[in-house]
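Me: I'm going through this one for class. Please keep the answers plain.

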Amino acid sequence: MRKSLLIHHDLYPVFEMLTDEEAGKIIKAVFAYDINGEITGFDDRMLLATYRRITECIDRNIEKYEETVERNRKAALIRWEKKEKSIS
């Protein structure tokens, strides 16, 4: 299980355009999405667009993370099998 949330620096200009209240709403919704899978709807188009951009980024990061985990799992299994064969 992942214990972190990665937010890229290229989102900073987007957050700069938001008020502190709007940024707070977005970040709370982003955490709810990342931790619990909750999808937040926004009536404000700017907030919705920002939220969707961030959640799409989160989804890409999760996919990359899962690919890395699987690749590392397979590599460990191969090493384990080689070790077992050399002991036999």
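Me: Where is aspartate 34 placed?
Reply: Aspartate 34 lies in helix 2; helices here are DSSP runs of H or I with at least four residues, numbered from the N terminus. This is a predicted model, where local features need pLDDT of at least 70 and side-chain atom pairs need pLDDT 80 or more, while totals for chains, interfaces and linings use all residues. Residues are numbered from 1 along each chain as its sequence is written, and side-chain values use heavy atoms, without hydrogens and water.

Me: Is aspartate 34 buried or exposed?
Reply: Aspartate 34 counts as buried because its relative accessible area is 14%. Buried means under 20%, exposed over 50%, and partly exposed in between, with a 1.4 Å probe and protein chains only.

Me: What does aspartate 34 touch?
Reply: Leaving out residues up to four places away in sequence, aspartate 34 touches Arg2, Ser4, Leu5, Ile58 and Ile62. A contact is a pair of heavy atoms within 4.5 Å.

Me: Which residues line the largest pocket?
Reply: Asp34 is one of them, along with Met1, Arg2, Lys3, Ser4, Leu5, Phe31 and Ile35. A pocket is an open set of points on a 1 Å grid over the protein atoms alone, where a 1.4 Å probe fits, with protein on both sides within 12 Å along at least five of seven lines; lining residues have an atom within 4 Å of a point.

Me: And what classes are in the lining of the largest pocket?
Reply: There are 4 nonpolar, 1 polar and 3 charged residues. Ala, Val, Leu, Ile, Met, Phe, Trp, Tyr, Cys and Pro count as nonpolar, Asp, Glu, Lys and Arg as charged, and the others, Gly among them, as polar.

Me: Back to helix 2. Which residues of helix 2 meet helix 3?
Reply: On the helix 2 side they are Glu22, Ile26, Ala29, Val30, Tyr33 and Asp34. Their partners in helix 3 include Leu47, Ile54, Ile58 and Ile62. By class, this contact has 9 nonpolar, 2 polar and 3 charged residues.

Me: Alanine 32, then. Why does alanine 32 count as buried?
Reply: Alanine 32, also in helix 2, counts as buried because its relative accessibility is 16%. Apart from neighbours within four places in sequence, alanine 32 contacts Gly37 and Glu38.

Me: Switching to helix 3: is asparagine 61 buried or exposed?
Reply: Asparagine 61, in helix 3, is buried, with a relative accessible area of 18%. Setting aside residues up to four places away in sequence, asparagine 61 touches Leu6 and His8.

Me: What about methionine 46, where is that?
Reply: Methionine 46 is in helix 3 too, and it is partly exposed at 33% relative accessibility. Beyond residues up to four places away in sequence, methionine 46 touches Met17 and Leu18.

Me: How many Å separate the C-alpha atoms of methionine 46 and glutamate 66?
Reply: They are separated by 30 Å, and the two residues are 20 residues apart along the chain.

Terms used
Helix = DSSP H or I, 4+ residues; strand = E, 2+ residues; numbered from the N terminus.
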